[in-house]
Amino acid sequence: MNAGNWKRVFAFLIDLVFVDLIITRPLSSFIGEEFNEFSDLLTFSFELILVSLLIGVFAVLYWAILEYKIGQTLGALIFKLRARSLNKGMSFSQAILRNATKISVVLLFIDSINILFSEKKQRYFEVLSKTITVEEK
Amino acid sequence: MKKLKIILTTVILLWMAAFFISLGFGDDSEIITNGIAIVPIKGIISPEDSNDFLSGSGMGSDTIINNLKKAKDNNGVKAVILEINSPGGTVVASREVANYVKDLSESKPVIAWIREMGASGAYWIASGADVIIVDEMSITGSVGVISSYLEFSGLLDKYGVKYERLVAGDLKDVGSPYKELSDGEKRLMQSKLKKIHDLFVKEVSENRNLNDQQISEIKSGFFYLGIEAKHLGLVDEFGGRDEAIIKAKELAGIEDGKIIEYKPKKTIIDVIEGFTNKAFFYMGKGMAIELPDNKFEILAM
């Protein structure tokens, strides 16, 4: 059974809080303490981009590793959702591809628009990676 | 259960990776155009950083000088504020920093802002700054040298433990806690302390342009409250962070300086150490609370 939209949203929010705690905070402590306080935007843009990129990459890894290993993240576990491949088992490249847009919330939002028009309620990158999110029975 | 284990492992690994990567950032070498750097000098000053449960935490002269160097090399930094909260430290480490501060003050305005305490070696460092700002109740001064230690020979005798003295060189074990100092040895030790003290007083006096009367006053090694220290000419102004920043802007001739703090970076070891230190402290505290008073007496016997 395809996963409900609200369940997916709430599962994502739980994961987002988790990712914020374990990834964003350690990496952005540098930005928070020093960038905010004294820098001007131009001189710090390179490091800001680098840190943002790293946070995005780690976030994608969080989803990809867990979905590849157990088909679920913490949020999905709570809401009994599961990521599945439309073929056999899910490969790591499929897990990476389906989560690639999680590098940025904006990209994920655009990616998620496809759910509204998809019969199987797939995001666009889920279609590309030939994966789907389902509810566990 | 297995799923949770995998989630937990992944989370820990990702957190560690993020933490280690975050340590790589913060090489604040190229940042601002018009800024004021705040360099903290906190805890006991020794050659290396310390985070000892018994002797307390402190900053190493290497770390402090490294931060001062960053401020010096950064053309965007127009003035430096030393945020001092330290009881002092070892002679050489304090002097290393004091010399660097003096050198730095020749190229950029340096303001020493003493918070709770800036005494002994920490005051030596502050004296090299262009201006010293304190709170009226700050503890400062203490221009003296101390080398006291506990001597256990009486205690050892009581328990039948004998110090078997084996030395090549008669004075090799001067200062050993296991034997009493002879009068001659005491004099020798005292003469070493005097040399250090003389140098300490001389450098502080030069840095602060003190007259003979002021010098004889501070030579006692006594500490002074901010309000007394100002009267003695040991410090210049009263205030806190805001006053230090205003003074820094004034001396640097800038109106809108941004603040940059050169904090020592914490490693994962520091985090773990800090955690275990606290854990042991609370464990001991908990045990002590649980013990009834009479058991305390037994333990103390």
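**Figure 1. Fold of chain A in the predicted model.** Read along its sequence, chain A runs through the pattern α-α-α-β-α-α-α-β, which amounts to six helices and two strands. The model shown here and in the other views is predicted. Of the 137 residues in chain A, 42% are buried, and among contacts between residues at least 6 apart in sequence, 68% join residues at least 24 apart.

**Figure 2. Surroundings of Ala76(A).** Ala76(A) sits in helix 3 of chain A, which spans residues 74-78. Ala76(A) counts as buried because 26 C-beta neighbours lie inside 10 Å, where the cut-off for a buried residue is 20 or more. When residues up to four places away in sequence are not counted, Ala76(A) touches Ala11(A), Leu81(A) and Arg82(A). With Ala11(A), the separation is 65 residues in sequence, while the C-alpha to C-alpha distance is 5.3 Å.

**Figure 3. Fold of chain B.** Chain B contains eleven helices and ten strands. Of its 301 residues, 33% count as buried, and among contacts in chain B between residues at least 6 apart in sequence, 71% join residues at least 24 apart.

**Figure 4. The largest nonpolar core and a separate one.** The largest nonpolar core is made of 55 residues, and those with the most contacts inside it are Val39(B), Val80(B), Ile81(B), Leu82(B), Ile111(B), Ala112(B) and Ala126(B). Strand 5 of chain B, residues 110-119, supplies the largest share of this core, with seven residues. Apart from this core lies another, of 30 residues, which includes Phe12(A), Leu61(A), Tyr68(A) and Leu74(A).

**Figure 5. Contacts of Val80(B).** Leaving aside neighbours within four places in sequence, Val80(B) is in contact with Ala37(B), Val39(B), Leu68(B), Ala71(B), Leu104(B), Lys108(B) and Val110(B).

**Figure 6. Surroundings of Gly58(B).** Gly58(B) belongs to strand 3 of chain B, which covers residues 56-58. Gly58(B) is buried because 23 other C-beta atoms lie within 10 Å. Its contacts, leaving aside neighbours within four places in sequence, are with Gly43(B), Ile44(B), Ile45(B), Ser46(B), Ser50(B) and Gly89(B). Gly43(B) and Gly58(B) are 15 residues apart in sequence, and their C-alpha atoms are 4.0 Å apart in space.

Technical notes: Residues are numbered from 1 along each chain as its sequence is written. Chains are lettered from A and ligands numbered from 1 in the order in which they are written. This is a predicted model: local features need pLDDT of at least 70, side-chain atom pairs count only at pLDDT 80 or more; totals for chains, interfaces and linings use all residues. Helices (H or I, at least four residues) and strands (E, at least two) are DSSP runs, numbered from the N terminus. A residue is buried if 20 or more other C-beta atoms lie within 10 Å of its own, exposed if 12 or fewer, and partly exposed in between; C-beta atoms are placed from the backbone. Two residues are in contact if their C-beta atoms, placed from the backbone, lie within 7 Å. A nonpolar core is a set of buried Ala, Val, Leu, Ile, Met, Phe, Trp, Tyr and Cys residues joined through C-beta atoms within 7 Å.
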